[in-house]
Amino acid sequence: MSTSPAVDRIELMQTFLHIVEAGSLSAAALQMGATQPTVSRRLQALERSLGVRLLRRSTHAMKLTEDGERCYERARELIADWHAFEADLRGVGDEPEGTLRVVAPHALGQLLLVGPLAEYLRAYPRVSVEWLLNDRRPDFIAEGVDCAIQVGEMTDAMAVAVKVSEVPRVVVAAPSLLEGRSPPAHAAELAELPWLALRTFYRNEVLLTHRPTGEIARVPIRPRMSTDSLYALQSAARMGLGACLGSAWLLNEDIAAGRLVQLVPQWHVAPLPVYLTYPHTRFQPARLRRFIEMMRLALADPTGQVWEARVA
């Protein structure tokens, strides 16, 4: 069936996007300055025109169907393309504006990346940013995320992943943990120490390479504590609870101050890659393009200024 002449498909798709992103018909109606019955009629008209059910609704919840998820992804692209077309005609396509929703890792997002974010916001005063910190892989569609900064190897084939940097890592322990022990000379001797695990990246073993010879050591560990927080790992290591493997940018100051000791420095741990990721789309709004450009420059050199940030 075709839609009513009074309501075109662009408007129907825009209403559908509002419903999904607001989380309910009533919230979408409030955002749009419309009534809930109007929003409901538009949703029904879109479902009739497409011949599929887009949402399952109950008294307490609303969930996208499989067709609804595909429709949401395509509708976002189509509406973005339409806005880009309008902006191009008006000659304002390169002026970033609107809201950018970004996911970043807790540690990087709290300490290192707020500086580049501040520069971005100062450069583009018509943009606002939702800065969401967590260490899991985002669901770009369901969460309405425009871009993510992610550490570790990428496995999401549905997203574009641009490698922008690497995070060097070191093995450390508190001096108190080494009291009465000879410092380990070979990576294999690390297995004799109590350990702390950063479960996001290692749990039961660590892999090291001897710089002079290229020898590889796969070291089994039995963690006394496992965590998904780099800050908790750092605090527990300082307290002497165990050795750990962590980001050099966070731990180097502790090493310099004597709070931690780097272990087996001739043994190299592979750095973690840092990616900028975003959904596949034919169109990127100017606010996203400029953000990607600025973050790529800020993160490009792991020995550069952004990696030297410290807690005051």
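User: Is arginine 76 buried, exposed or partly exposed?
Analyst: This is a predicted model. The relative accessible area of arginine 76 is 23%. Buried requires a value under 20% and exposed a value over 50%, so arginine 76 is partly exposed.

User: Which side chain does arginine 76 meet in a salt bridge?
Analyst: Arginine 76 sits in helix α4 (residues 66–90), and its partner is 70 residues apart from it, in the loop between α7 (140–143) and β5 (147–151). The N to O distance of the pair is 3.4 Å, and the partner is aspartate 146.

User: How many salt bridges does a search of the whole structure find?
Analyst: The pair of aspartate 146 and arginine 76 meets in a salt bridge, and so does the pair of arginine 238 and aspartate 254. For the whole structure, the search finds a total of 12.

User: Which residues are linked with Asp254 in a network of salt bridges?
Analyst: Aspartate 254 meets arginine 238 at 2.9 Å, N to O. Arginine 238 lies in helix α9 (residues 230–238) and aspartate 254 in helix α10 (residues 248–257), so this pair ties together parts that are 16 residues apart in sequence. Aspartate 254 also forms a salt bridge with arginine 259, with the closest N and O atoms 2.6 Å apart. The residues linked with Asp254 are therefore Arg238 and Arg259.

User: What is the relative accessible area of aspartate 254?
Analyst: Its two partners are both on the partly exposed side: arginine 238 has a relative accessible area of 37%, and arginine 259 has one of 34%. Aspartate 254 itself is buried, at a relative accessible area of 1%.

User: In the open sheet of 3 strands, which are the edge strands?
Analyst: The order is β10-β9-β14, with antiparallel pairing. Strand β9 (residues 205–210) is joined to β14 by 2 bridges, and histidine 210 stands opposite tryptophan 267 in β14. The strands that pair on one side only are β10 (216–220) and β14.

User: Which residue of β11 is the bridge partner of leucine 198?
Analyst: Strand β8 (residues 195–198) has Trp195 and Ala197 pointing one way and Leu196 and Leu198 the other way, and all are buried. β8 runs parallel to strand β11 (residues 223–227), with 4 bridges joining them. In β11, the partner of leucine 198 is threonine 227.

User: What is the phi of valine 264?
Analyst: Valine 264 lies in the loop between β13 (261–262) and β14 (267–268). Valine 264 is buried, at a relative accessible area of 4%. Although it is not a glycine, its phi is positive, at about 35°.

User: How far apart in space are histidine 280 and alanine 157, C-alpha to C-alpha?
Analyst: Histidine 280 is in the loop between β15 (272–279) and α11 (286–299), and at 42% relative accessibility it counts as partly exposed. In sequence, histidine 280 and alanine 157 are 123 residues apart. In space, their C-alpha to C-alpha distance is 9.7 Å.

Notes:
Residues are numbered from 1 along each chain as its sequence is written. This is a predicted model: local features need pLDDT of at least 70, side-chain atom pairs count only at pLDDT 80 or more; totals for chains, interfaces and linings use all residues. Side-chain values use heavy atoms; hydrogens and water are left out. Buried means under 20% relative accessible area, exposed over 50%, partly exposed in between (1.4 Å probe, protein chains only). Two strands pair if DSSP finds at least two bridges between them. A salt bridge is a side-chain nitrogen of Lys or Arg within 4 Å of a carboxyl oxygen of Asp or Glu.
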